[in-house]
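Please consult the sequence and the structure together.

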Amino acid sequence: AVLAVATLAVLRLPGKLRSGDTEFLRKHSFLFKRFRLDCHWYVLPFLAKSVVVALIPVLSGPTLQFSTLSAVVLTTFCVSSHLAPWRISEGNDLDSFLGAVFLMVLISGALLVER
């Protein structure tokens with residue numbers, strides 16, 4: 001439900017900005033205030049990543065779980081590093097650093113998985 005509301009808000013934002021709808025901006029500021037204005041849509045992959053990561057334990061087998069989590073983390077790491085969507089540069093730096101650390105922890109953890 002949150003992802004659907006966020007998608008609708010992202011689609012409506014450009015028109016609401018042009019019309020000066022401050023009420024819409026006030027209601028949905030929690031979605032957009034973290035990201036640069038030209039990357040307002042980045043809230044969708046940000047939320048989708050959380051949904052996918054939350055559903056990973058449902059997958060059968062540690063190999064599939066590890067592969068899926070690695071793909072999600074690597075994809076978001078690459079996109080975030082390329083776009084630098086965070087409003088402040090330190091946020092982009094921290095996101096890249098934590099993504100790299102998380103990937104190293106995942107790879108290290110993969111060595112401990114029993115078959």
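Which residues in α1 meet which residues in α3? On the α1 side they are V2, L3, A6, T7 and V10, and on the α3 side V43, L44, L47 and A48; contact here means heavy atoms within 4.5 Å.

The model is predicted: local features need pLDDT of at least 70 and side-chain atom pairs count only at pLDDT 80 or more, while totals for chains, interfaces and linings use all residues. Residues are numbered from 1 along each chain as its sequence is written, and side-chain values use heavy atoms, with hydrogens and water left out.

**Helix packing**

Helices (H or I, at least four residues) are DSSP runs numbered from the N terminus, as are strands (E, at least two). Axes are lines fitted to C-alpha atoms, for helices over the stretch in contact, and angles run from 0 to 180 degrees between N-to-C directions.

| Helix pair | Angle | Axis separation |
|---|---|---|
| α1 and α3 | roughly 170° | within 10 Å |
| α3 and α4 | about 165° | 10 Å |
| α4 and α5 | about 160° | 10 Å |

The axes of α1 and α3 cross at roughly 170°, which makes α1 roughly antiparallel to α3; angles over 145 degrees count as roughly antiparallel, under 35 as roughly parallel, 65 to 115 as roughly perpendicular and the rest as oblique. The residues of this α1 and α3 contact divide into eight nonpolar, one polar and no charged. In this classification Ala, Val, Leu, Ile, Met, Phe, Trp, Tyr, Cys and Pro count as nonpolar, Asp, Glu, Lys and Arg as charged, and the others, Gly among them, as polar.

Helix α3 spans residues 43-55 and helix α4 residues 62-83, and the two pack at an angle of about 165°. That makes α3 roughly antiparallel to α4. Their crossing is left-handed, a term used if the near helix is turned anticlockwise from the far one by less than a right angle, with right-handed used if clockwise. From α3, K49, V52 and V53 meet L69, V72 and T76 of α4. By class, this contact of α3 with α4 has four nonpolar residues, one polar and one charged.

Helices α4 and α5 pack at about 160° and are therefore roughly antiparallel to each other. The crossing of α4 past α5 is left-handed. In α4, the residues F66, L69, S70, V73, L74, F77, S80 and S81 take part, meeting D95, S96, G99, A100, F102, L103, L106, I107 and A110 in α5. The contact of α4 with α5 has eleven nonpolar, five polar and one charged residues.

**Nonpolar cores**

A nonpolar core is a set of buried Ala, Val, Leu, Ile, Met, Phe, Trp, Tyr and Cys residues joined through side-chain atoms within 4.5 Å. Buried means under 20% relative accessible area, exposed over 50%, and partly exposed in between (1.4 Å probe, protein chains only). The largest core holds twelve residues: A6, A9, V10, L13, F24, L31, F32, F35, C39, Y42, V43 and W86. Helices α1 (2-19) and α2 (22-32) each supply at least two of its residues, and α1 gives the most, with four. A second, separate core has five residues, including L69, V73, L103 and L106.

**Selected residues**

V72 lies in helix α4 and counts as buried at 15% relative accessibility. Leaving aside residues up to four places away in sequence, V72 touches K49, V52 and V53. V72 and L98 are 26 residues apart in sequence, with their C-alpha atoms 14 Å apart in space.

A54, in helix α3, is exposed, with a relative accessible area of 56%. C-alpha to C-alpha, A54 and R36 are 26 Å apart, at a sequence distance of 18 residues.

A84 is found in the loop between α4 and α5 (89-110). This residue is partly exposed, with a relative accessible area of 25%. A84 has a positive phi of about 50° although it is not a glycine. Most residues other than glycine have a negative phi.

N92 lies in helix α5 and is buried, at 11% relative accessibility. N92 touches A84, P85 and W86, not counting residues up to four places away in sequence. The C-alpha atoms of N92 and H82, ten residues apart along the chain, are separated by 9.8 Å.
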